[in-house]
Each structure stands twice: as C-alpha cells, then as structure tokens.
Amino acid sequence: MKIKVGLLYGGKSAEHEVSLLTARAVSQAINFDKYEVYPIFITKTGEWRKEGQLTGPVESLESLQFGNEITQPNTISSFLPKQGDDTTGLDVIFPLLHGPNGEDGTVQGLLEVLNLPYVGNGVLASAAGMDKVVMKQLFAQAGLSQVPYVYSISKEWKKNQDALLQKMEESLKWPLFVKPANLGSSVGISRVTNREELIKAVEYAFKYDRKIIVEQGIFAREIEMSVLGNDDPRCSVAGEVLPTKDFYDYEAKYEDGTTNYAIPAKISSELQEKLEDSAIRAFKVLDCSGLVRADFFVTDQDEVIINEVNTMPGFTPISMYPKLWMESGLSYSNLIEELIRLAIERHEEKQQLEHSKDGK
C-alpha cells in the first residue's frame with residue numbers, strides 16, 4: 001500500500017514564493033510509485049486549502065495555488081486518518097514552509113497536537129533555529145565559534161537608537177550585516193559600510209520582524225554542510241558558495257542563477273572532519289531531526305566559524321541541500337524517501353514513549 005503524503009506549502013510569511021518553488025520541486029522528484037501525494041496550500045492570508053491527489057509532477061506554480069475546499073487549522077481533522085479506516089487521511093505531512101508560521105515551530109506544534117507524523121525538525125529545534133539570536137546563544141553553549149553580533153528589539157531601537165548605534169560601532173567592525181532575527185532565504189538582509197546605511201538597514205529589517213541582529217562581516221569562505229538523520233545524524237560532502245555579489249542574497253539564491261558553487265568544496269580531509277564535527281554539534285545542541293543545512297565561514301587559517309543552521313532548507317533545483325546529498329551519492333528522490341522514513345521512525349518512537357507512560 002502506498003504511503004499517503006501531504007505536501008504542506010505556501011504560508012503567510014515573506015517566503016511564500018520560496019515555499020511554492022520548493023513544493024513544485026518536491027512534486028517533480030517524489031516517487032509516485034511509492035507515494036500518494038496530496039497538496040495542502042496555505043494562502044498568504046492564512047487559509048488552508050486542499051484538493052485531490054496529485055497524479056504527477058507539477059509544472060506550473062499557478063497550479064499549486066487553488067481553493068475549492070477551504071478549512072482552518074481548528075478543523076484540520078479532515079486531513080487525519082479516521083479510526084479503523086485505512087483508506088482516508090494522510091500518513092505523513094511534508095512541511096515545505098519557510099519562515100514564520102512555517103519553520104518556526106508553530107505548524108510543528110499543531111502537527112504534534114494532532115499526533116501526525118511530519119518530516120523535519122520538531123517544535124524546539126524549529127523555534128530555536130528560526131530565531132537567530134536564540135540559536136547563537138545555544139551555539140555558544142556548545143562551544144561553537146561565531147562572529148561578534150549585537151541584537152535589538154524594535155521598541156528598544158526606538159527608545160535608545162543612539163546608544164545602540166554606538167554599541168554596534170564600538171563592538172563590531174565594518175562591513176556589517178543586518179538581518180531580521182526570525183526570517184530566512186536572505187529576505188530583509190542588508191550589507192552596510194557606514195552609519196547612514198546601518199540606520200536604513202535596521203529600519204528595513206524591522207519591517208520583517210520585531211527583533212533584528214547585526215553581525216560583523218568577515219573575510220572568509222562560505223562553506224555549507226547538509227545533515228540528515230535523527231539521533232545518529234550524518235553529513236554530506238561540503239559545498240562552497242561563490243557569490244558574484246557582495247553577499248548571497250534572495251535573488252542569487254532563487255532567481256537570477258548567478259551564484260556559483262563548488263561541490264564538493266576544495267578542502268582538506270582534516271577541514272571536512274572539522275566541519276562535520278561542528279555541523280553535528282549544532283544539530284544536536286538544537287535537538288534537530290530529519291534535516292538541517294549548516295552554514296559556516298572558514299578563514300585562511302582553516303578556522304571554522306558557524307554562521308547559522310536552516311531547519312527547512314529549500315528544495316529548489318538550485319538549492320544547496322539536495323545538491324550536496326546528490327554529490328554524496330543520495331539522489332533527490334531517495335533523499336525525499338529517506339526524510340519520510342525518518343519522520344515515520346521518529347513518530348513511532350514517540351508513540352512507544354507515550355504507551356510506556358500509560359503503562360501499556
């Protein structure tokens with residue numbers, strides 16, 4: 001019997017379009033001989049919409065956006081298997097959501113309450129991995145090297161702008177990178193080289209989140225690692241990002257295709273081991289499961305500095321995460337299959353724990 005997979009995508013975040021690209025890519029790679037695939041679309045206004053089973057790969061983004069049947073999360077029971085009925089409902093959800101209300105633990109919490117298996121990271125890892133400040137604080141606990149940074153919430157910025165600017169200029173060195181704390185895919189990020197640009201960039205970042213982070217720029221290689229697994233994660237080969245712009249922004253990731261990559265990265269076996277160690281330490285300190293892309297800076301002295309992790313990296317045709325696994329010998333289709341297997345495995349382990357609590 002085929003496994004019924006619900007592709008959950010769209011969402012209210014600024015990364016709605018990225019999610020659509022990811023959903024299309026997954027639909028083109030998943031094995032329809034093994035899985036029945038059902039699209040679940042969340043509109044930009046937060047409506048949950050579903051249609052029938054996909055019969056094959058999706059070619060156009062327009063076809064992913066539909067809406068004959070509308071439901072809200074509080075009536076999502078229509079997505080669940082019925083007691084004693086193996087012909088309805090879904091066996092596992094594949095969340096392909098990026099940004100707030102998607103990869104930040106909110107949808108994961110809903111799926112946990114519904115007791116439904118889902119691909120990827122749980123509530124804690126998703127929430128911590130989404131908030132760059134919390135993530136960095138946990139990385140510090142794990143002893144991972146990081147670049148200096150300063151963060152602020154919008155209310156504090158409005159009250160103490162001059163003091164915060166002084167703190168940023170005294171504790172950090174130009175250039176600086178200004179980012180919304182809870183967003184991904186390089187949305188809302190600016191590279192600045194003076195105070196005037198810094199003020200504009202902070203105001204711009206606050207349009208996306210109430211918390212922002214300002215990081216010191218560093219002259220280093222950008223190296224990424226893909227991590228896969230649950231309690232015993234493994235790493236792919238390393239890949240190097242070779243942007244043709246000042247930094248690896250949204251357009252470079254998803255639109256213009258100008259960014260180059262070295263896959264595998266030209267690094268020593270010793271550096272590969274360092275990167276694997278740091279990636280797995282980051283994975284474990286956040287209590288991750290399923291998949292993570294860990295992003296690093298590597299200096300001329302081969303010092304490994306962690307930048308961040310992405311708990312729901314994109315699956316677009318030019319995304320780094322699947323490319324690294326393909327180079328490591330795991331095809332795109334098999335990667336999706338492995339992620340679904342890991343999701344079901346994790347869910348079954350949780351069910352056993354619940355039965356143990358009940359004395360069963």
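I started with the rings and counted three aromatic pairs. My rule: rings of Phe, Tyr and Trp (its six-membered ring) pair if their centres lie within 6.5 Å, with planes under 30 degrees apart called stacked, over 60 edge-to-face and the rest tilted.

The pair I looked up is Trp157 with Phe206, which is tilted, at 6.5 Å centre to centre and 45 degrees between the planes. Trp157 sits in helix H5 (residues 154-159) and Phe206 in the loop between helix H7 (195-205) and strand S9 (211-216), so this pair ties together parts 49 residues apart in sequence. Helices (H or I, at least four residues) and strands (E, at least two) are DSSP runs, numbered from the N terminus.

Are these two residues buried or exposed? Trp157 is buried, at 2% relative accessible area, and Phe206 counts as buried too, at 15%. Buried means under 20% relative accessible area, exposed over 50%, and partly exposed in between (1.4 Å probe, protein chains only).

A note on what I am reading: this is a predicted model, where local features need pLDDT of at least 70 and side-chain atom pairs count only at pLDDT 80 or more, while totals for chains, interfaces and linings use all residues. Residues are numbered from 1 along each chain as its sequence is written, and side-chain values use heavy atoms, with hydrogens and water left out.

Next, the whole chain. I find eleven helices and 14 strands. Of its 360 residues, 54% count as buried.

Then charges over rings. Arg346 lies over the face of Tyr118, 4.5 Å from the ring centre, and Lys136 lies over the face of Tyr149, at 5.6 Å. For this, NZ of Lys or CZ of Arg must be within 6 Å of the ring centre and within 35 degrees of the ring normal.

Arg346 turned up again at the second largest pocket. Which residues lie nearest the centre of that pocket? They are Asp287, Cys288, Ser289, Arg346 and Lys350, out of 14 lining residues. Helix H11 (332-357) and helix H3 (123-130) each supply at least two lining residues, and H11 gives the largest share, four. The pocket volume is about 280 Å³.

I use a 1 Å grid over the protein atoms alone: a pocket is an open set of points with protein on both sides within 12 Å along at least five of seven lines, a cavity is a set where a 1.4 Å probe fits but cannot get out, and lining residues have an atom within 4 Å of a point. Grid points are joined across faces, edges and corners, and a volume is the space filled by probe spheres set on the points.

Last, I searched for cavities of 30 Å³ or more and got two.
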